Amino acid sequence: MSRTKGLDIVSLNTEVPVPAPGERVTPRPVLEVSDLRVSYPTVAGPVEIVSGFDLTVAKGERVALVGESGSGKSVTARALLRLDHRATVSGRILLDGTDLLTLSGAEMRARRGRRIGLMLQDPMTTLNPVRTIGSQVMEALRVHGVGRAEARRRSVETLDMLGIPDAARRMRSYPHEFSGGMRQRVCLAMAIVAHPDLLIADEPTTALDVRVQEQVLSLIDSLVDEIGMGVVLITHDLGLVAGFADRVSVMYAGRGVERGPVRELYRTPRHPYTAGLLASVPRVDRDGALAPIAGSPAQPASRPGGCAFHPRCARAESDCATVLPEPRRIGAADVACHHPLTAAEEGPR
Amino acid sequence: MTGTTTLASVHAAPRVRRARRRTPWIDRIAYGTVLVLLLLAVVGPLIAPHDPYSVDLGQALRAPSGEHLLGTDGLGRDVLSRALAGTRASILGALMAVAGAALIGILVASIATIGGRWVDDIVMRFCDITLSLPVMVMALGVAVALGPSLRSAVIAMVVAWWPGFARIARAEMRTVITSPYVEAARVLGAGRWRLMTRHVLPNSLDGVYVQATLEIGGATLIMAGLSFVGAGAQPPSAEWGAMVETGSRYLTSAWWISVVPGLLITLTALAFALTGDSLRTRNHPDAALS
Amino acid sequence: MSPSLLARYLGRRLALLVTTLWGVVTIVFLLIKAIPGDEAQAAAGVTATPAQVEVVRQRLGLDESIVQQYLAYLGRLLHGDLGTSIFTFQPVLGDLQQLIPYTIELVGLAMVINLTCGVPLGVWAAARHRTRVDNSVRLAAIFCGALPTFWLAMIAQTLIGRKLGAVPISGVSTLGVEVPRRTGFVTVDSLLAGDLTAFSDALAHLVLPAAVLAIPFMSFVIRVVRGSMITALEADHVTAARAKGARERTVLLQHGLRNAIAPVSTLIGLQVGWMMGGAVMVETVFSRPGFGSYLTQAVAHKDTFAVIGMVLVVGVIVTFVGLAVDLVQLAADPRVRLLETRRASA
């Protein structure tokens, strides 16, 4: 399924990120995505939602995937697990060196849940209202051939670990008998009960209130240390990312525009879009008014030529509208921009 | 800017476009058939090649030929002419039954909606009870009470069917009357009557129209069924269900007598069902047939 | 649901059952009163002499006020008196007790055929939503719903019964293979008698009418299963199940069909009543004794009390089926349980 067409940035991607001083040294990657392209059929022909996206996650690493709604984050998450049969996915998705796009349906299914766990946004709808919590958590083990008693034991153990009080008894409860935060813990339990190497969490806290958000994030955080899995946190909320992620990848209109270590990116954003996102997030360490990004996000079906962000960009020049910027290394970050901000400029604020 | 379910929006877009796309050929055939049937219901008896009631035993049980395109029945009556004449009884009968049931249903739903909780409870409970009696059985009861005739069959179906329409209309009226714009009109001092006629009624009848279209097909089937068991149109009147019954004795020797009206009933029910389904799909692309 | 709440729910539900039955009875009473002409004459039959009509009028209390008549009618019903048939000269209730098993047998087998064909087709269409399979099943469902039962019965009887000779064309059993009547259900009785020949004979007589009766009803089952499955399959818990690595089969059954039990069981409950209506036509065509053919005869002979009695009996059966459906939903769907718990504790 690998395509040669498009950007040749594989070499850039496979490079293990240079660890900044003080950050933990990351071991070999568990997930390596390169030139991921996802398109969906429409009446007007296929529309590419994700067009050439790269991502590397090491074992025990927390990576945030950030972007506005419509940027292709959730489509990416589902494409990584090959969940939507209507989508055409190309590129390479290496999980421990195996390209998921070359696997048969059965081989892929054997990896879902067991090697990659997925956590969804809304705990109200992610749990089946007519089945018990227990049966749904156990299902994640049972479908991979774990016996009933063993599955029950491990499910109770996991729910217990995630702070569900009286877990053994609560296995018989139904989703409506749980609060939103507790439900999201159950969803997390479903995703990690089989101890996957990688957890993809698609906006896992958006539907929750702020206090519960922190609890759920810190649970995920502790799991990284406990079972040593890598995490991809998909979110639109840069405020959430700062305290959680090791590295950040910013997505705009189906392409990665900037990625790098979290501190680097917050201190000196290089891409005008990243800078704009940061300027629109309230921060305690800086004064000044919030500055939302002008204009509205590009739609996949009518993505502007060149750099997709150029119609909204204050720094855009004529080449931005015509030439697609290739990612290049600036400091510790990879930036896809013709006219990146320099460290001195400190972003448009 | 917080919504994030990209996937959903991606799929929503083509779906909307698909619904707006040109009508599928099968739906267009259904629309066309409905129009032709309605036209026949008006002019059918006029364009019949023979007198549908003239008995000629010498011509009995003739197979389809140039003289009698669809053959003759046991009394030598022209089947084509009787089928054409029957269009009026069968289709107009079904239309009247559905229209009557829908009207009463809307009226009762309006009363339940503006009447307050108690009225609503009692009326809806009554609807439920009536609905628990099968239409066919209920209609037989009414038909025998009023004496079997086409008119009784129509009345029987109105009696048996209005609660179904009342339920649908009332559900929609509930939604509309609790919506912000009706609330706004209420705040501005609009009275109950004005609220009902100006705001609620015009905005809550789509479902009833669609349901009515769907039910015309079913009504044709039940009307014909009532005639078939002898509780509807009586001999010698030309009505499809009664014609099927008349022909049942000759099914092995003169199949056309029963098969022609039977096919017409099927065609009518099918055309109206497809049309109703197509209308519903247009209203709610995802609720098709559910 | 805790035992005390369950008890309260059952109490409420039984009260509703009684109200519904009372409602059915009242509708039926109003139906009798709506009959134009002399009710006593109708009850006594067209051949009765004026003196006989007077006797009937007194016996039925028709000379009293309408309220008294209504109360007397309720009283007679409580004693199981549905009136006397002017055609068979037997009490209507007795006639029905004889005939109802045949109809239940027919409706029962039709329901089995209906579900074993309709449910898988609906699931299949939902699983292949927006494909050619889905469209074909959808159109087939609409087509099934457009077939007039009585006509289909005639055609099937002629083609499959007469021309092919595959099954008997009428009745419930072949002359000479009768078994002693115990329950009234021919299939059950033949099994009780240990007579397999009689059993297969009864089944052969039953299968074509039941299939014909089932076809229009399959149309609804396919549509409802398909519709509620499509809704269920769009939910996030389906994505979550796939992400766990569940097989498509598991996803369809555990996360799709499992969630469609409530709407489907509601439909089945309604269909039991509708099928008894359909049985009227099927039994007439296949000359099967039963509720339907009795009703048709009663209509033909203007046998008012027989017709009214049957409307009442069907209403009662449908009401009890409704209760059964509610209990099934209570057991199968925690959302229903939640709703009922809230109501019961309110």
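Trainee: Which residue does D197(A) form a salt bridge with?
Mentor: In this predicted model, D197(A) pairs with K59(A), and their closest N and O atoms are 3.8 Å apart. The two sit 138 residues apart: D197(A) in the loop between α8 (180-192) and β7 (198-202) of chain A, K59(A) in the loop between β2 (47-58) and β3 (62-66) of chain A.
Trainee: Is D197(A) buried or exposed?
Mentor: D197(A) is buried, at 15% relative accessible area, whereas K59(A) is partly exposed at 40%.
Trainee: And what about R78(A) and D202(A)?
Mentor: Their side chains form a salt bridge of 3.1 Å, N to O. R78(A) belongs to helix α2 (residues 73-80) of chain A and D202(A) to strand β7 of chain A, so the pair ties together parts 124 residues apart in sequence. R78(A) is buried at 9% relative accessibility, and D202(A) is buried at 4%.
Trainee: Which residue of chain C does D277(B) pair with?
Mentor: That partner is R138(C), with the closest N and O atoms 3.3 Å apart. The pair crosses from helix α11 (residues 256-283) of chain B to helix α6 (residues 132-146) of chain C, and both residues are buried.
Trainee: How many salt bridges are there over all chains?
Mentor: There are 32.
Trainee: Changing topic, which residues of chain C does UniProt list under "transmembrane region"?
Mentor: The unreviewed UniProt entry lists several spans of chain C, including 14-32 and 202-222. Residues 14-32 of chain C are 100% helix, with end C-alpha atoms 27 Å apart. Residues 202-222 of chain C are also 100% helix, and there the end C-alpha atoms lie 29 Å apart.

Notes: Residues are numbered from 1 along each chain as its sequence is written. Chains are lettered from A and ligands numbered from 1 in the order in which they are written. This is a predicted model: local features need pLDDT of at least 70, side-chain atom pairs count only at pLDDT 80 or more; totals for chains, interfaces and linings use all residues. Side-chain values use heavy atoms; hydrogens and water are left out. UniProt positions are given in the numbering used here, feature names are shortened, and annotations may be inferred rather than shown by experiment. Helices (H or I, at least four residues) and strands (E, at least two) are DSSP runs, numbered from the N terminus. A salt bridge is a side-chain nitrogen of Lys or Arg within 4 Å of a carboxyl oxygen of Asp or Glu. Buried means under 20% relative accessible area, exposed over 50%, partly exposed in between (1.4 Å probe, protein chains only).
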